[in-house]
Amino acid sequence: MPVFNLCLKIFRRNWLAVFIYVAIFVAISVTIAITSVHDQSSGNGFTQQKAKIAFISEEKTPLTEGFRQELAKHADFVSIPDSKEQLQDALFFRQVTYVLRIPKGFTKNILDGGTMQIEKTIVPESVENAYIDIDVQQYWNLARLYVRHDPGLTQEQLTERLRQNLDGDTPVRMNVHEHAKTKDSFSMYYFNFLSYALSAILIMGISTVMIVFNKQDLRRRIFCSPSSPLKVNLQIILADLLFAAVALVALVGFCFLLDAKSFTTPNMPYFLVNAVAFTACITSLSFLVGNLLNNLSAMSGVCNILTLGPSFISGVFVPQEFLNDTVLKIASFTPTYWYVQANTKIAKLTDFDWQNLRPVFTSTLILLTFTAAFAALSLVVGKRKRLME
Amino acid sequence: MIHVKNLVKRYGELVALDHLSLDVREGEIFGLLGPNGSGKSTAINCILSLLSFDKGEVEIFGKTMAPDAYDLKRKIGVVMQNVAVFEELTVYENIDYFCGLYIRNREERRHLVEEAIHFVELDDFRKFYPKKLSGGLLRRLNIACGIAHKPKLIFLDEPTVAVDPQSRNKILEGIERLNEQGVTIVYTSHYMEEVEQICSRIVIMDKGRVIASGTKEELKAMITLGEKITVEVFSINEEQLSQLRTLPGIVSVEHIDRQLYIKSGKGSNNLEIVLDFLKKRQIGFGRIYSELPTLNDVFLEITGKQLRD
Amino acid sequence: MFRHVFVYRFKYLIRDRELVFWTFVFPVILASFFYMAFFNINKDEAFHPINVAVVYGGEEQYDAPFKAVIEDASKGKDKLFNLKDATSQSDAEQWLKKGRIAGYFTSGETVKLTIKDSELEQSIMKSFADQYRSSRLAVQRIAQDHPDSLKEELLKDIGNRGNYVKETAGGNSEPDSMLNYFYALIAMACFYGSFWGMKEVTDIQADISDRAARVNTAPVHKLLAFIAGSAAALVILFTEMLLLLAYLNFALHISFGNRAGLVILTALTGSVLGLSFGALISAIVKKGAGMKVAILTVATMIGSFLSGMMYMDMKYLIARYVPFLAWLNPVNLLTDAFYALYYYDSLSHYVRTMGMMCIFILLFCTGTYLIVRRRKYAGL
């Protein structure tokens, strides 16, 4: 199979570019594995993330001390010198996400029924801050309640009352058995990310081969040889599929190395099926790109846009729940969207009955429809191109 | 016009130029002939002060050549071995750009560029990008870029490599026309026919050394070979062959596959002698060719190897 | 002469559509994708009410107040919950299992919470329950100490909550890590500009290209030609950066703080930094255009990655564990300079990053000069 072998040779020539993508991809994945996935194995119970705060009090009264102790339940205090620049730095580098400042005279003002406020400076997008706000509001609202309805209390008594009221915790029962092990796991993020690396590698590799073979002279020469066009095309397709399979296996292999635990979950086969469907889809997309483009330098631009674009708007880099509805609607015209949808659903699966699996299969089916559409289009384009010459 | 003395250029162990000395006189087409890798381009680049050299001196127009000898450079035109033009600029712009490095005056430049375009017959292609030009046209553009500023001295380093015969002839004619206008030309090539055709004086190089120089007639006179005679014979025996070898003026005779390859020394009646001999012995013969020696024969005799490997 | 070379280098460079794509079109497209991906984050509209259910324990004294409070929280425009009435615990369990609710409350002397995941929604539910518990305890305590106090008044007061915290800006602007993505993107574009720098060196070094050899044989001072060409490259790159800034600021409403002059100065510094970087690499790596492009691309990508362009937390990880790396990564310096302008009131942070960038520029330029000033070559 000379054509087949030539294709493999072209793939091997491009190993450097492919390697760069794989390296960047693995680097990002590992960083994410280290940072953003909270350890699920230890968390059979309920855990609340603690916010890192800088607590600056311009006065020290029993009430503010009590407040400080209450806050300690949901926050880690980080001590930072009270200078504007240093506080800004701390916020910038996320040493803290919340700077809280009790102004001088605050306690007295509250005891007198005033409306003075604590000042906060925050990193806006960090969710942990919301709990701090809730704690702050609750503490001082209760203080106000006592001041209004039990004005005789001393500050110490008031602090003690508040401590008693705020003590204790809401009992939480976790239905652990119902919790899908793969939900928010490294594997889910990894498989989402995989779509980026996979599309980059496949589009680049496969369309390179297609562009090489679509060069007029080369194609004519091949078609003058005593092998039928069908055979030639089949060999190209076979080589492309082999390349796609190797890329998929390699990337999934990294996942196995980094998070072997997930491979024992019942969710994993579905992840794999979904990834295979996506690979098929991107392979046929690469075919189309290869048929549409003529030169390699344009290809690398198109490849970057085709891989980065859908990844951004379909929830690979930023989860879908954070994306704007309009953006998601646009994204639903890309296969990546449906791949991520299926992944997210698979990750949450605990029951593998038809009712739960149906939405997953729907997404996968849409992926396959994309595959067929791309394949049909590239056949049409390829044929037209040949006829036009 | 160009005076090169004892030029030595080493690349590590390899001696690229070995005490090379040259003199180019005004108004001539000076041919630098040699096989690939003989040091022709290295010599040109050293003369142009592009390459540093280990020893020797280079004078052009009677002055020492240096990277900042701008008054000399202004009078020199260079056409490199490889096509050196900008893909993103049109034919006109390419010529104008390079011409503009020599000529500041815009009016004058426009005139010169037009003349150069006309000279290389690219009039219909002035708005074309190099990508759209065929190999021969590209070579002509390459030449136009080097000569548009009307230099007094032009270096042409293998300007006809990979060019179709038609374009090659155009290029050679052009060079001769430039020469007629009084331009001195240094022409390097490994095609001996070209050099023979246009050069008034020739230096043959090998391994970084000058192995012969002179006009083509002088060069040919240097060697013992006068004429090569090929005769188709139907039958000839060993005795007759050795008799043939003893004839006056005959240097060597070889009999291969019904062909006699006879090399003779100088003299004008060699062919006659051979024919007489054949007739006398009643040796039947067919076609006869007689060739005068080429530069290849010169090279062969001096170095013992073919010019074209 | 300067003008002639400048004009032609400009024409030549600007017609390289591929380079214009990578240094301008690509960043614009990428910025648009960033925008689409991020512009909803941070906004309140992103909050969707949480689906919850309540299972009542059957003791009226406990059920009634909780019902009142949770129903109140499930009403109106800014409601916290979508409340589903469960007739029995098994109903709620079923819903939870199917994922139709995030969790359910069980009312009683202490309100209990049942969930299956530990996420933001569940945390909010727990905070809600905690708040309810402590408020009820407080009311009980007051009622117990002052049986005569007006219960109505007390309950009204507890619903009538005051706001005890106000947000103040730490400086000009609040920290917004989304901006970092865009700033890093500009830095990346500047470093893609290194390709322009590479072209300039390629076309002036006779040992790299034949065109350069041709220029070297012309009666033009080599450095003059180089500087004229680099000026053309700089004008192109800087213009692209200004257009990119304009697109980010006016079309995507990305904030750059209010020191426009300094923002432009930073863009100019970044352009010089990118160009000189490309020039140096091109001068050092003699042969192989492919190799040069690969080095520049990889260096740009790694630099951008470490400045948090692909993954924001990367920047914090570096600031925390290998802070010197942040100072040695020119892409990061440029990103930080933009951020410092946006974020800090004082210019000290900005001046420090700019100073470091200038050191890099000096380094790159000196290195390039030492190589480019040679006018005779050992080999071609």
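At what angle do helix α11 (residues 260-284) of chain C and helix α12 (residues 289-306) of chain C pack? The model is predicted, so local features need pLDDT of at least 70 and side-chain atom pairs count only at pLDDT 80 or more, while totals for chains, interfaces and linings use all residues. Residues are numbered from 1 along each chain as its sequence is written, and chains are lettered from A and ligands numbered from 1 in the order in which they are written.

**Chain C**

Select the two helices (DSSP runs of H or I, at least four residues; strands are runs of E, at least two). Their packing angle is about 140°, and their axes are 10 Å apart; angles run from 0 to 180 degrees between N-to-C directions, and axes are lines fitted to C-alpha atoms over the stretch in contact. Next, display C:Gly278, C:Ile281 and C:Ser282 of α11(C) with C:Lys292, C:Ile295 and C:Leu296 of α12(C), which make the contact (C-beta atoms, placed from the backbone, within 7 Å).

**Chain B**

Move to residues 2-232 of chain B, which the unreviewed UniProt entry annotates as "domain: ABC transporter". The end C-alpha atoms of this span lie 49 Å apart, and the span is 34% helix and 29% strand.

Then select strands β12 (residues 250-256) and β13 (residues 259-264) of chain B, which run antiparallel and are joined by six bridges (pairing requires at least two DSSP bridges). Within this pair, B:Glu254 has B:Tyr261 as its bridge partner. Two residues lie between the strands of the hairpin, where B:Asp257 adopts a positive phi near 55°.

**Chain A**

Finally, colour domain 1 (2-38 + 184-388) and domain 2 (51-177) of chain A separately; their C-alpha centres lie 50 Å apart. The domain bounds come from an automatic or database domain assignment.

Technical notes. Two residues are in contact if their C-beta atoms, placed from the backbone, lie within 7 Å. UniProt positions are given in the numbering used here, feature names are shortened, and annotations may be inferred rather than shown by experiment.
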